[in-house]
Amino acid sequence: MEHNKDIADIQAAEESSRKKKKFILCYHSFSVLNFKRTRNQIRKIADAAGSPISIAVIPSFGAAPESEAEQFREELEKFVNEGYEIMLHGARHRADLSLKRSLQGKIALWISNNEAEFAGLDERFTQALLKRSLALWKAHGTGKPSGFIPPIWFGNKFLKEQALEIFDYYEDYHGIYQKVDGKTKKTGSGTLSFSIIPTPLLGIAQTYACLKMLLPGGVHRLVFHDKDFRTIGEKRILNMVRYTSTMREKIMYRDL
Amino acid sequence: MSDWLFKSWLKISALTVILFFFYHLFISQKLEEEHFSSDNDN
């Protein structure tokens with residue numbers, strides 16, 4: 001009996017320690033162009049984690065046929081009804097090269113292969129693009145997204161404040177931001193993403209991610225893209241999710 | 001003083017690399033398992 005009590009105490013202590021450390025699990029760039037393939041990936045990740053996850057959605061429909069668009073809307077609605085959390089992930093994700101950008105923005109475009117849609121834009125264009133992103137979501141989505149994630153996490157000096165006027169959460173590479181009593185509160189959070197890491201370094205990046213999750217501190221974000229299922233592989237991704245879930249409690253942005 | 005600092009930094013860096021390497025071996029093995037299960041799962 002005493003032995004069983006000791007085991008129960010140890011398990012309770014481990015559970016308490018696990019709950020003190022939290023992480024966010026987010027699937028990025030879910031869109032009308034990839035939803036037929038990625039919806040299954042998202043559900044598999046959620047199964048491995050044991051509960052629904054956050055999904056960063058690209059709201060632009062581009063030239064998708066109406067039948068596909070309708071299926072995508074239904075899929076989004078299903079996810080929302082099942083308790084998945086929606087984050088808005090730019091308008092098109094891909095940058096409009098005709099817009100004027102700062103030097104930093106141009107460098108960000110070069111690094112990101114023109115995917116950093118908001119990088120280096122001025123105040124007016126940032127506002128316009130943010131409104132376009134929300135308008136696209138309203139035209140097709142269900143409910144209000146919890147927050148805004150700029151593509152490749154590259155923003156500009158106006159984006160954070162503008163996004164927080166509309167959404168509850170905004171994030172960049174170093175943290176997650178929210179408005180509390182009129183002030184911007186930052187939650188320290190490392191971004192653990194693999195999509196832009198060269199293939200030979202992916203093993204090291206996965207080890208680094210697991211180590212960062214093991215150590216205390218921060219509400220880190222474990223982020224997966226469609227591409228990761230081809231480069232890292234499904235088995236490793238799901239094992240990484242299971243491994244992380246044993247060390248930290250998975251939460252969503254809205255739980256912050 | 002600077003010599004002592006440099007040697008300490010060198011030792012800490014080497015130790016970190018060794019520990020990371022062993023953790024890398026461990027985690028690679030874990031991630032390759034058919035179905036990862038923690039030691040707590042019974």
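Ile152(A) is buried, with 25 other C-beta atoms within 10 Å; a residue counts as buried if 20 or more other C-beta atoms lie within 10 Å of its own, as exposed if 12 or fewer, and as partly exposed in between, with C-beta atoms placed from the backbone. This is a predicted model, in which local features need pLDDT of at least 70 and side-chain atom pairs count only at pLDDT 80 or more, while totals for chains, interfaces and linings use all residues. Residues are numbered from 1 along each chain as its sequence is written, and chains are lettered from A, with ligands numbered from 1, in the order in which they are written.

**Two loop residues of chain A**

- Ile152(A) sits in the loop between strand 4 and helix 6 of chain A; helices (H or I, at least four residues) and strands (E, at least two) are DSSP runs, numbered from the N terminus.
- Although Ile152(A) is not a glycine, its phi is positive, at about 60°.
- Most residues other than glycine have a negative phi.
- Asp181(A), which is not a glycine either, has a positive phi of about 50°.
- The loop that holds Asp181(A) runs between strand 6 (175-180) and strand 7 of chain A.
- Asp181(A) counts as exposed because it has 5 C-beta neighbours inside 10 Å.

**Helix 6 of chain A**

- Helix 6 of chain A covers residues 159-166, and Leu159(A), Gln162(A) and Ala163(A) in it are buried.
- These three residues lie on the same side of helix 6 of chain A because they cover an arc of only 95° around the axis; the arc is that of the directions from the helix axis to the C-beta atoms.
- Among the elements of chain A that cover the buried residues of helix 6 are helix 5 (123-140), strand 4 (147-148) and strand 5 (169-171).

**Strand 7 of chain A**

- Thr184(A) belongs to strand 7 of chain A, residues 183-188.
- Thr184(A) is exposed, as 12 other C-beta atoms lie within 10 Å.
- Neighbours within four places in sequence aside, Thr184(A) is in contact with Leu164(A), Tyr177(A) and Lys179(A); two residues are in contact if their C-beta atoms, placed from the backbone, lie within 7 Å.
- Thr184(A) and Val241(A) are 57 residues apart along the chain, and their C-alpha atoms are separated by 30 Å.

- Leu202(A) is part of helix 7 of chain A, residues 202-214.
- With 16 other C-beta atoms within 10 Å, Leu202(A) is partly exposed.
- Apart from neighbours within four places in sequence, Leu202(A) is in contact with Phe194(A), Ile197(A), Thr231(A) and Ile232(A).
- Between the C-alpha atoms of Leu202(A) and Ile232(A), which are 30 residues apart along the chain, the separation is 7.2 Å.
- The axes of helix 7 and helix 9 (residues 234-247) of chain A come within 9 Å and cross at roughly 15°; axes are lines fitted to C-alpha atoms, for helices over the stretch in contact, and angles run from 0 to 180 degrees between N-to-C directions.
- That crossing angle makes helix 7 of chain A roughly parallel to helix 9 of chain A; angles under 35 degrees count as roughly parallel, over 145 as roughly antiparallel, 65 to 115 as roughly perpendicular and the rest as oblique.
- Helix 7 of chain A passes helix 9 of chain A in a right-handed crossing; a crossing is left-handed if the near helix is turned anticlockwise from the far one by less than a right angle, and right-handed if clockwise.
- On the helix 7 side of chain A, Gln206(A), Ala209(A), Cys210(A), Met213(A) and Leu214(A) meet Arg236(A), Met240(A), Tyr243(A), Thr244(A) and Met247(A) of helix 9 of chain A.
- Seven nonpolar, two polar and one charged residue make up the contact of helix 7 with helix 9 of chain A; Ala, Val, Leu, Ile, Met, Phe, Trp, Tyr, Cys and Pro count as nonpolar, Asp, Glu, Lys and Arg as charged, and the others, Gly among them, as polar.

**Helix 2 and helix 9 of chain A**

- The axes of helix 2 (residues 35-49) and helix 9 of chain A come within 8 Å and cross at roughly 35°.
- The crossing of helix 2 and helix 9 of chain A is right-handed.
- Lys44(A), Ile45(A), Ala48(A) and Ala49(A) of helix 2 make the contact with Glu234(A), Leu238(A), Val241(A), Arg242(A) and Ser245(A) of helix 9.
- The residues of this contact divide into five nonpolar, one polar and three charged.

**Chain B**

- Chain B has one helix and zero strands.
- Of its 42 residues, 7% count as buried.
- Lys30(B) lies in helix 1 of chain B, residues 2-32, and is partly exposed, with 17 other C-beta atoms within 10 Å.
- The C-alpha atoms of Lys30(B) and Ile12(B), 18 residues apart along the chain, are separated by 27 Å.
- Where chain B meets chain A, 10 residues of chain B are in contact with 14 residues of chain A.
- The side of chain B that touches chain A has four nonpolar, four polar and two charged residues.
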